[in-house]
Amino acid sequence: MNSVASHHQRVLSGMRTTGELHLGHYHGVLKNWVELQHEYECFFFAADWHALTTHYEDPGVMEKSVWNMIIDWLAAGVNPGSATIFIQSRVPEHAELHLLLSMMTPLGWLERVPTYKDQQEKLKEKDLATYGFLGYPLLQSADILIYKAGLVPVGEDQVAHVELTREVARRFNHLYGKEPGFEERVDAALKKIGRKNSKLYNELRKRYQEQGDAEALKTGQALLESQHNISLGDRERLFGHLEGGGKIILPEPQAMLTKSSKVPGLDGQKMSKSYHNVISLREAPELVEKKLKTMPTDPARVRRTDPGTPEKCPVWEFHLLYSAEDVREWVQDGCQTAGIGCVECKQPVIDAVLKEQQPIRERAAVFEEDMKLVKNIVAEGCEKARDVARATLDDVRQHMGLAYR
Ligand code: TRP
Ligand code: SF4
């Protein structure tokens, strides 16, 4: 575990700025962010440096992608009053932490991250045998650790990166968390939580360390969580001591798998730009209609009179995402009996997508008209993010022996 429960409340996630967002991003990520922002302290950022690791040959598209993506977020309902929205490259502290972490990260850890080889295979047309691309997941670790984020909402493909982050944090704490006088400071901190609590703490610690009792660890963490008269530093010492390590400087984050419905593409595969099967978030209504009208259906339905099987048809996937039970029954029945035609069947989907996009498109238009507002939101977010990032970095510098002036 080794995660500081008090930071569990902070959520951090980023999105690469490599092109237009589509309905897959909306259902898979953005809707989730919009929900999370009401429950947690959220930091969401445009990962422009991560975009450059694969798109370093076209700097020209960067700026437009960044602003478009942020407008998409705002239009989808990410609220700057609830979440901090910022741009990675405007918080250069991420880069310094990346550099410092690189000192103690074994090369093998990065070479073994599955996305490293996978992406090189997949993006054959690009030369990804670069230093920056190998460091991609470590930069991501810096993104996460610099905010001491507890939860990182990501898709399946990113779990390995969060896993790496946990290992890096563990190694960092192990190397640098042994401050001089640690034991004495722990004793002093225990005095502050009172006799009864420290006795309980020690019992729980023993149970966890000697018997591996995970419940005891949890109870111990909850106990520390409820102590209000100790400093953050003392709390982190006690968290570390509870688990048998030193002070926790960088808490280990947890991946938060997006419980998203699978978003189908126009061809039945997952919606993804590289499959050319997307409907973009702000796609023009005529195009939405055209794309859906021309999308393939169950190949068994050659003629209108041929019955079909919805499960073999990508349109059905859209009904699963967009249609209520009665419409789905109408599809099932009409398709299998050849009672309805495919054009007819697609209409409720077309209507639903257009209806979903309408308010998004309208809100986006307002922001597009007022770029000053968008830039102010981001400037404010960057400031807020930097304050948090600076504090972590000061701490990291100190523990790595770089605090001299
Ligand atoms: N690598 C992530 C992706 O491709 C984007 C990302 C960069 C990220 N830094 C992050 C996600 C930090 C979560 C936390 O989707
Ligand atoms: Fe697909 Fe609907 Fe046509 Fe059946 S009727 S094949 S579900 S589009």
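This is a predicted model: local features need pLDDT of at least 70, side-chain atom pairs count only at pLDDT 80 or more; totals for chains, interfaces and linings use all residues.
Colleague: Among the aromatic pairs, what makes the pair of F43 and Y147 count as stacked?

Modeller: The structure holds nine aromatic pairs. Ring centres have to lie within 6.5 Å for a pair, and planes under 30 degrees apart count as stacked; the centres of the F43 and Y147 rings are 5.2 Å apart and their planes stand at 25°, so this pair is stacked.

Colleague: Why can this pair be said to tie together parts that are 104 residues apart in sequence?

Modeller: F43 lies in strand β2 (residues 41–47), while Y147 lies in the loop between α8 (136–145) and β4 (151–154), so the pair links parts that are 104 residues apart in sequence. Both F43 and Y147 are buried, and F43, F45, F86 and Y147 form one aromatic cluster.

Colleague: Why is the pair of F172 and Y176 called tilted?

Modeller: Planes under 30 degrees apart would be stacked and those over 60 edge-to-face, with the rest called tilted; the rings of F172 and Y176 have their planes at 55° and their centres 4.8 Å apart, so the pair is tilted. Both residues lie in helix α9 (residues 159–176), four residues apart, which is about one turn of the helix.

Colleague: How do you know that F172 and S141 count as buried?

Modeller: Buried means under 20% relative accessible area; F172 has 1% relative accessibility, so F172 counts as buried, and S141, at 0%, therefore counts as buried too. S141 is found in helix α8, and, leaving aside residues up to four places away in sequence, S141 touches H161, L164 and T165. The C-alpha atoms of S141 and T165 are separated by 4.7 Å, although these residues are 24 residues apart along the chain.

Colleague: What makes α2 roughly antiparallel to α8?

Modeller: The axes of helix α2 (residues 48–55) and α8 come within 10 Å and cross at roughly 175°. Angles over 145 degrees count as roughly antiparallel, so α2 is described as roughly antiparallel to α8. In this contact, W49, H50 and T53 in α2 meet Y136, L139, Q140 and D143 in α8, and the residues divide into three nonpolar, three polar and one charged.

How values were computed:
Residues are numbered from 1 along each chain as its sequence is written. Chains are lettered from A and ligands numbered from 1 in the order in which they are written. Side-chain values use heavy atoms; hydrogens and water are left out. Rings of Phe, Tyr and Trp (its six-membered ring) pair if their centres lie within 6.5 Å; planes under 30 degrees apart count as stacked, over 60 as edge-to-face and the rest as tilted. Helices (H or I, at least four residues) and strands (E, at least two) are DSSP runs, numbered from the N terminus. Buried means under 20% relative accessible area, exposed over 50%, partly exposed in between (1.4 Å probe, protein chains only). Axes are lines fitted to C-alpha atoms, for helices over the stretch in contact, and angles run from 0 to 180 degrees between N-to-C directions. Angles under 35 degrees count as roughly parallel, over 145 as roughly antiparallel, 65 to 115 as roughly perpendicular and the rest as oblique. Contact means heavy atoms within 4.5 Å. Ala, Val, Leu, Ile, Met, Phe, Trp, Tyr, Cys and Pro count as nonpolar, Asp, Glu, Lys and Arg as charged, and the others, Gly among them, as polar.
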